[in-house]
Amino acid sequence: MVDRIADPWGPRTPYPSDAAPAASGGDARWPVRVDEFLADGVGADDVDRWVQSASILHSNGDAMDVAVKDGRIVGVRGRAVDRVNHGRLGPKDLFGWQANGSPDRLTRPMVRRGGELVETDWDTAMEAVVRRSRELLDTGPGGWGHFGFYTSGQLFLEEYYTLGVIGKAGIGTPHMDGNTRLCTATAAAALKESFGSDGQPGSYTDIDHCDALALWGHNVAETQTVLWARMLDRRCGPRPPRMLAVDPRATAVAREADIHLAVRNGTNQALMNGLIRLLLHHGWVDEAYVAAHAIGLEELAEVVEPYSAPRVAAICDVPAAEVEAAAELLGTCERLVSTVLQGFYQSHQATAAACQVNNVHILRGMLGRPGAGLYQMNGQPTAQNTRETGADGDLPGFRNWDNPEHIRQLAELWGVDSMKIPHWAPPTHAMQLWRYAEQGSIRLLWISATNPAVSLPDLARIRRILAAPELFVVVQDLFLTETARLADVVLPAATWGEKTGTFTNVDRTVHLSEKAVDPPGEARADLDIFLDYARRMGFSRNDGSPLVHWHDPESAFEAWKQASKGRLCDYSAITYDRLRGGSGIQWPCTDEAPDGTERLYVDGRFTTDPDRCETYGHDLATGAVHTEQAYRAFEPDGRAFLKAARYQPPPEQPTDDRPFLLTTGRTVYHFHTRTKTGRAPQLDRAAPSVWVELSSADAEALGVEEGDVVRLDSARGSLEGPARISGIRPGVVFVPFHYGYWDADADAAGPDGRPATAANELTETVWDPVSKQPLFKVAAVQVTRVAAGDGPAPAPTVGGPAPVGGRVVPTTAGGPAADARSTTEG
């Protein structure tokens, strides 16, 4: 039994690379280790049944079985047969299920009457939504423009596809996006810019083969714990891969890495330009691969030439020798795996920097073969499905909004006129969607499974938008979140374990999650809510038959398969029955590849042909959209793009008044705004409230000791919290973004005079020009000591918040039992 709060990654099972004959007698395959946690007093023999599922609290796609006893979820165990996790589970997997049984779940719909939310029945709530919808559609030919849909990365594929069809072919609005815009829009954008389409090239098995790992702004130890366990097991076995980490914090990844580049916030693009320059200068390039499979080398070489190691060192504030050492690691390895996440995606020049990681792999020919893997990571469990199905601004099946033939295909599939499907301009991204709501053109905003009143930047502005009387707000969620409290209609939703559906992880593995128990009270599956809305609205095809002709998850999945057929994300040979019992399956899965496809682009041919690509591309510096004519002039012919951009300083710089840069992020114990993890006792106890990380040098200069209360002030707001003296680089402060106000006495920041605790009170409304992803990593702040602390900060002692100096009690389960059983094969 292992305390999985004290040790989030569990016991090591070392193994060697299988890229060469095994030495030291080791097996080259990642060993099985089955993790299991059951409620107090419940043993494995007491479980009535185990129900197949996968994790909904991160993006790794850990397969698990859900334990059910007396109609209740009582625990989970990892699935040994699954290709993703080989039985392993992380802390959020092991303990997060307890939120399902929280006594404050929403169980009945609510509507606003006399300024207050009151419970009602489903007919009353849905008719209120339908009545407002019809009023807006009846305003004239442009009535579709009054609708906005803001969704999540936590619904199921079938629900996203249904929502996408309702929005795009039922109402005809382009104003659809989700909170995936905040976390991994840059992943999609970078893949489109370089390879012509969304879709991760690599496979998690590449970690089993590689001899080098590069983690670009990716705190994998805290965001995808099982993936980190796989990396650690390789590092602990024979022939371990070397490791590079780029992160301003001294995370567990940074401490493990052979080379850690703690770059100044907002300078990723300068670093990447310098690394690519060194690859070119040293001849660390697969010239034959580039000549056959890429275009843009001359421009790239010209753009990066000024970024010498000394210049990069000055911009990024890291030693030039370390930049050169990082380039040597990248340039001399034989099999490179790269992962990219929020340290790049939520920072300045996000898409440009992520594209440079793609460029490293293109230049080195590190694509489409074992050990040469690239993951532009996702942050949420079903973010990939949001993008695949069109529930965000994209079109279903990775189609191109600017390609008339792609629009015609969807119109034929859905039985509507082409002009019904919005394609006259780029789809509305989330930041613009909220601006339209602020200006009053969007007058109905339907928010599903997300909490923007805590997760969006500049929260005071978001609260004002949501509270505006002219905006009709529908919130579909499990709990009365900070956002739901501002809604006009609240719809109680079922969650993981209470409904059936599929979802897809970052290496394209599709899992089936079966219904294990009934939802509480009158809560309904999100799919059932969308189907009910479509029926009540009477959305139809041109022949008069229902637009949404499916009726349950499996029939919705079959409808989605038709939309995906022939596209890169082809699901056509996957069925629910094939997903039951064994491992998840990677798309594309077709009659020609019935067992799925482990890696994309094995032949070096990319999805860049003009008739097939998902986008015609953008200028990485300005975001200007390339026309079809300009794109065709590149003559891509299935070759990848080596896209270039010069470094530009971030929009907000430190000043004398605000000399520090704020970066926000995550802890291993929580997910998003804690609506689930904050209701799991072990996870909540491990990280119960907000903290502020400072370097020891900055703390000394400010007269701050561990646990002292400090205040952060930006141009937008303020926040107070206890200080954690950590290994973060000087000049940077870190605040986890999870902590809002749902478990406090007040509904929002400071109405009763309390200091704010939500990190996004401080962040600004600016975004990347290509991906439109907000910048959460480069806000200028002032730090002031407010009061002496009454003990250490409530921050965990594992991962990024590990304390420097002083005596801080290590994080353990403490109260609620957190001992999980881990059984290793053999």
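1. In this predicted model, helix H3 covers residues 157–171, and its 15 residues, at 1.5 Å a residue, should span 21 Å; the C-alpha atoms at its ends are 20 Å apart, which agrees. The helix is mostly covered, with 15 of its 15 residues buried, and just after H3 the chain reaches Gly172, which takes a positive phi of about 85 degrees.

2. Strand E24 (residues 692–695) directs Val692 and Leu694 one way and Glu693 and Ser695 the other way, yet all are buried.

3. Leaving aside neighbours within four places in sequence, its contacts include Gly199, Gln384, Phe398, Arg508, Leu568 and Tyr571. The side chains of Trp587 and Glu388 are joined by a polar contact of 2.8 Å, while the C-alpha atoms of Trp587 and Thr504, 83 residues apart along the chain, are separated by 9.0 Å.

4. As to confidence, the protein chain has a mean pLDDT of 95, with 97% of its residues at 70 or more. Over residues 20–26, however, the pLDDT is below 50, and this stretch has 8 contacts in the model beyond near neighbours in sequence; residues 746–752 also stay under 50, with 14 contacts beyond four places in sequence. Where pLDDT is low, the predicted coordinates should not be read in detail.

Terms used: Residues are numbered from 1 along each chain as its sequence is written. This is a predicted model: local features need pLDDT of at least 70, side-chain atom pairs count only at pLDDT 80 or more; totals for chains, interfaces and linings use all residues. Side-chain values use heavy atoms; hydrogens and water are left out. Helices (H or I, at least four residues) and strands (E, at least two) are DSSP runs, numbered from the N terminus. The expected span of a helix is 1.5 Å times one less than its number of residues. Buried means under 20% relative accessible area, exposed over 50%, partly exposed in between (1.4 Å probe, protein chains only). pLDDT is the predictor's confidence in each residue, from 0 to 100. Contact means heavy atoms within 4.5 Å. A polar contact is a pair of N or O atoms within 3.5 Å; within protein, one must be able to donate a hydrogen and the other to accept it, and residues adjacent in sequence count only if both atoms are side-chain atoms.
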